[in-house]
Amino acid sequence: MERLLYFSVWSRIVTAVLLFWALDRHSYGYYTFLRWISCGVSAYFAYVAYENEKTAWAWILGIMALTFNPIIPFHLKRDTWHLIDFVSGILMAASIFLVKVNKRCRNEIL
């Protein structure tokens, strides 16, 4: 169970770092990779927040998952993406402390 906790924290740390790193110039492949990672992690923790009855966080992370959706991507200007990446990185980092994986979620995963 501790491995799941470590995965829970590390997945969000890595995602937040990738979001902040996106503020620099990269190839298109990096941004595609970022969409997949951000969408997946955000969607999973939106579910965790919902299971923990943290409705506001479920909505925030759900909207993040939709924003970074790699299947039907949004095409926005670079400056707009920089703002979205920065705010999303902050929210992802904050979710480490505010959205915890509870026992019910652990049992459903394992």
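F45 is buried, because its relative accessibility is 1% and buried means under 20% relative accessible area, with exposed over 50% and partly exposed in between (1.4 Å probe, protein chains only). The model is predicted: local features need pLDDT of at least 70, side-chain atom pairs count only at pLDDT 80 or more, and totals for chains, interfaces and linings use all residues. Residues are numbered from 1 along each chain as its sequence is written, and side-chain values use heavy atoms, with hydrogens and water left out.

F45 is placed in helix α2. Helices (H or I, at least four residues) and strands (E, at least two) are DSSP runs, numbered from the N terminus. The protein chain holds five helices and zero strands, and the order of elements from the N terminus on is α-α-α-α-α. Of the 110 residues in the protein chain, 40% are buried.

F45 also belongs to the largest nonpolar core, which has 13 residues. A nonpolar core is a set of buried Ala, Val, Leu, Ile, Met, Phe, Trp, Tyr and Cys residues joined through side-chain atoms within 4.5 Å. The residues with the most contacts inside this core are F45, V48, A49, W57, L61, M92 and V99. Two or more residues of the core are given by α2 (28–51) and by α3 (55–67). The largest share, five residues, comes from α2.

L61, which is found in helix α3, is buried, with a relative accessible area of 0%. Between L61 and S38 the C-alpha to C-alpha distance is 9.8 Å, while the two residues are 23 apart in sequence.

Just after α2, E53 takes a positive phi of about 60°, and E53 is a residue other than glycine. E53 is located in the loop between α2 and α3 and counts as exposed, with 71% relative accessibility.

Two residues were examined in the loop between α3 and α4. I71 lies in this loop and counts as exposed because its relative accessibility is 62%. The C-alpha atoms of I71 and W36 are 8.9 Å apart, with the residues 35 apart along the chain. N69 is found in the loop between α3 and α4 as well, but N69 is buried, with a relative accessible area of 18%. N69 and G40 are separated by 29 residues in sequence and by 8.6 Å in space, C-alpha to C-alpha.

In helix α4 the 21 residues should span 30 Å at 1.5 Å a residue, and the end C-alpha atoms are 30 Å apart, so the two values agree. The buried residues of α4 are W81, H82, D85, S88, G89, M92, S95 and I96. These residues cover an arc of only 155° around the axis, and therefore lie on the same side of α4; the arc is that of the directions from the helix axis to the C-beta atoms. The face of α4 turned away from this buried side carries the exposed residues D79, L83 and F97.

L83 is also one of the residues in a nonpolar surface patch of about 500 Å², which is made by F20, L23, L83, F86, V87 and I90. Patches are made of residues with over 30% relative accessible area and no salt bridge, where like charges are joined within 9 Å and nonpolar side chains (Val, Leu, Ile, Met, Phe, Trp, Tyr) within 5 Å. A salt bridge is a side-chain nitrogen of Lys or Arg within 4 Å of a carboxyl oxygen of Asp or Glu. Accessible areas come from the Shrake-Rupley method with a 1.4 Å probe, and for residues only the protein chains shown count as cover. Helix α4 (residues 78–98) gives the most to the patch, with four residues. V87 lies in helix α4 and counts as partly exposed, because its relative accessibility is 38%.

Key: Expected span 1.5 Å × (residues − 1).
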